[in-house]
Amino acid sequence: FSSFSSFSSFSPPPPPRSPLPPPLLRLEPLPAPTPPPPPSTCSGVSEMSGSDSDDGGAFYEDDDLGEMVDISPLPSITPPAPSGGVETQLKEEEPSFLDPNEIDEEILIDDNLPEPVDSDDEEVPFEEGDDRMDIEEVEEKVEEQATCVLSGHTAEVYAISVSTSYPPIVATGSGDDTGMLWLYDPSSPETTPKVVLKGHTDTVNFVTFSVNNTLLATGGMDANVRIWSPTTGALLEELEGPIDSIETLTWHPRGLVLFAGDIEGTGWMWNLSALAKQEEGRKKAVVMNGFYGHGDAINASQFTPDGKKLVTASADLSIRIWDPVSAQALHTISSHSAFGATKWHSGSITCLAMDPLSEQSIVATGSLDGLVCLSLFDSGKLIQHFNGHTDSIESLCFLPGHRMLCSASLDGTVIVWDLTTSSQRNVLQHSGGVVRVISDPVLNHIVYTCTLGKRVSVWDARAGKLLASYTGHTDQVLDIAISATKTEKGVERILFSASDDSTSRAWNIPEAVFL
């Protein structure tokens with residue numbers, strides 16, 4: 001369009017020529033416009049399409065120029081005079097887009113109107129029969145069935161343990177870096193902590209009473225193991241040894257000997273008998289041994305029922321049987337121990353259990369791959385495997401005297417295995433992943449479970465029957481412990497639970513449940 005390079009001066013018109021194309025300017029429409037001339041023959045874009053802009057124009061994206069070019073329809077122009085030169089009259093004034101005479105109604109805008117809601121964020125109200133459920137609404141409707149609520153922690157309660165004395169002393173460990181001691185009062189609907197156990201600098205994930213209730217041990221992710229008085233809550237000793245997070249903590253069944261395993265795969269054992277005696281002039285805690293050999297975290301540990309051996313299970317896919325006195329590994333069971341059709345774990349070993357009443361030296365192990373394996377801790381031989389779960393096994397317990405084993409899994413089931421027939425006897429179906437299964441100290445065929453579905457339940461494992469299920473927690477239940485005390489009226493059972501909702505609860509289990 002070089003002909004329009006300048007409008008500052010106007011020279012006499014050249015000889016007659018074809019009409020010029022309209023200029024690329026937005027022109028004010030002239031009154032009483034005449035019909036538009038035939039389409040221009042100027043080379044360029046003859047026809048374009050695009051989305052309408054706010055003012056009715058159209059835009060074309062020029063890929064070569066990388067910018068938006070306005071190609072809005074141009075207003076019509078009066079054709080040139082039939083004789084003489086070309087007379088072009090351009091009216092360059094402020095464009096007017098609205099004729100005040102054409103306004104039908106004036107609408108006032110309220111500045112206080114609410115912001116528009118994005119359709120993606122708009123809440124759709126629930127209708128009757130809708131399968132969707134609002135989480136907060138569900139939490140409000142949880143029926144409280146607990147006998148007592150233990151409130152005091154400010155974060156998740158990961159561990160709970162109960163003394164064998166009566167009334168029972170309850171210990172809890174939490175993500176708020178504290179432990180707590182509670183003296184359970186069955187006559188009160190809510191109990192406050194007797195003592196707050198301070199000193200850990202990270203989550204307290206293990207609490208456990210010694211066999212005679214003389215001492216309480218706590219273990220934390222801060223690599224600390226601390227020993228407390230269960231009656232006064234006084235700190236008796238901070239044990240030396242571990243250098244990383246404590247992953248397992250277990251007492252000797254016949255004395256004040258404590259074992260701890262850490263996330264690095266190292267184990268430590270202490271003799272704490274002097275702590276109970278409080279003898280002057282003696283070192284209170286004695287490091288007996290360090291246990292080295294595992295290549296990954298020690299996730300579970302337990303002394304054999306006679307106390308002569310120690311079994312540890314690790315994320316390195318092996319278990320080791322140790323001599324506690326010498327800290328020498330007597331046997332190592334791993335994938336190399338598998339033979340024939342017998343399988344071994346292919347995932348981290350998460351838990352182990354032993355039958356205290358069995359004459360056979362059987363240790364059961366469970367793992368992330370959902371496999372249960374049976375081994376002999378006397379000989380170090382793998383003898384059997386059970387495959388029935390579809391998710392990680394979190395807990396195991398034997399039914400003493402019944403030759404049965406229960407395995408709890410995140411797949412929402414507890415499978416009762418018959419060790420005589422090496423087959424499934426019953427499957428206890430839950431509404432959420434099962435985190436823990438423990439057996440009743442008196443009625444050995446009764447087990448208790450807790451789940452990610454916020455419930456605790458009572459089962460007859462031998463019959464595969466649900467006896468009772470209790471609600472009250474508003475988040476997943478992570479641990480349970482049972483107190484069973486014989487009285488003149490029978491056995492008084494209290495089931496204690498620890499939950500992600502930062503509380504613990506107590507549930508009185510009446511004898512009628514077992515009838």
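The protein has two helices and 35 strands, and the model described here is a predicted one. Of its 515 residues, buried ones make up 44%. Among contacts with a separation of 6 or more, 46% are accounted for by residues 24 or more positions apart.

**Nonpolar cores**

- The largest nonpolar core contains 18 residues, and those with the most contacts inside it are Tyr448, Val456, Val458, Tyr470, Leu495 and Ile509.
- At least two residues of this core come from each of the strands E29 (434-439), E30 (446-451), E31 (456-460), E32 (465-470), E33 (477-487) and E35 (503-509).
- Leaving aside residues up to four places away in sequence, Ile509 touches Tyr448, Val458, Tyr470, Arg493, Leu495 and Phe514.
- Another core lies apart from the largest one and has 17 residues, including Ala217, Val225, Leu236 and Trp270.

**Leu275 and helix H2**

- Leu275 is located in helix H2, which covers residues 273-277.
- With a relative accessibility of 2%, Leu275 counts as buried, because buried means under 20% relative accessible area.
- When residues up to four places away in sequence are not counted, Leu275 touches Leu215, Ile227, Leu236, Glu237 and Lys284.
- Between the C-alpha atoms of Leu275 and Val286, which are 11 residues apart along the chain, the separation is 9.9 Å.

**An open sheet of four strands**

- Four strands make up an open sheet in the order E21-E22-E23-E24, with antiparallel pairing.
- The edges are taken by strand E21 (349-354) and strand E24 (381-387), each of which has a single partner strand, so one side of each is left without a neighbour in the sheet.
- On average, and with direction ignored, neighbouring strands of this sheet are turned by 25° against each other.
- Strand E22 (residues 362-367) pairs with strand E23 (residues 371-376) in the antiparallel sense over five bridges, and the bridge partner of Val363 in E23 is Ser375.

**Salt bridges**

- Eight salt bridges are found in a search of the whole structure.
- One of them joins Asp418 and Arg425, whose closest N and O atoms are 3.8 Å apart; Asp418 counts as buried at 13% relative accessibility, whereas Arg425, at 39%, counts as partly exposed.
- Asp440 and Arg493 meet through their side chains in a salt bridge with an N to O distance of 2.7 Å.
- Because Asp440 lies in the loop between E29 and E30 while Arg493 lies in strand E34 (residues 490-499), this pair ties together parts that are 53 residues apart in sequence.
- Both partners are buried, Asp440 with a relative accessible area of 1% and Arg493 with a relative accessibility of 3%.
- Arg493 also forms a salt bridge with Glu511, and here the closest N and O atoms are 3.1 Å apart.
- This second pair links distant parts of the chain, since Arg493 is in strand E34 and Glu511 is in the segment after E35, 18 residues apart.
- Glu511 has a relative accessible area of 34% and is partly exposed.

**Aromatic pairs**

- The search of the whole structure finds six aromatic pairs.
- One of these is formed by Tyr184 and Phe496 in an edge-to-face arrangement, with 5.4 Å from centre to centre and 90° between the planes.
- This pair also links distant parts of the chain, with Tyr184 in the loop between strand E6 (179-183) and strand E7 (190-191) and Phe496 in strand E34, 312 residues apart.
- Tyr184 and Phe496 are both buried.
- Phe259, Phe291 and Trp322 are linked into a cluster by ring pairs.

Notes. Residues numbered from 1 in each chain as written. Predicted model: local features only at pLDDT ≥ 70, side-chain atom pairs only at ≥ 80, totals over all residues. Heavy atoms only, no water. Core = buried A, V, L, I, M, F, W, Y, C linked by side-chain atoms within 4.5 Å. Buried < 20%, exposed > 50% of the residue type's maximum accessible area, 1.4 Å probe, protein only. Contact = heavy atoms within 4.5 Å. Pairing = 2+ DSSP bridges. Axes fitted to C-alpha atoms, helices over the stretch in contact; angles between N-to-C directions. Salt bridge = Lys/Arg side-chain N within 4 Å of Asp/Glu carboxyl O. Phe/Tyr/Trp six-rings, centres within 6.5 Å; stacked < 30°, edge-to-face > 60°.
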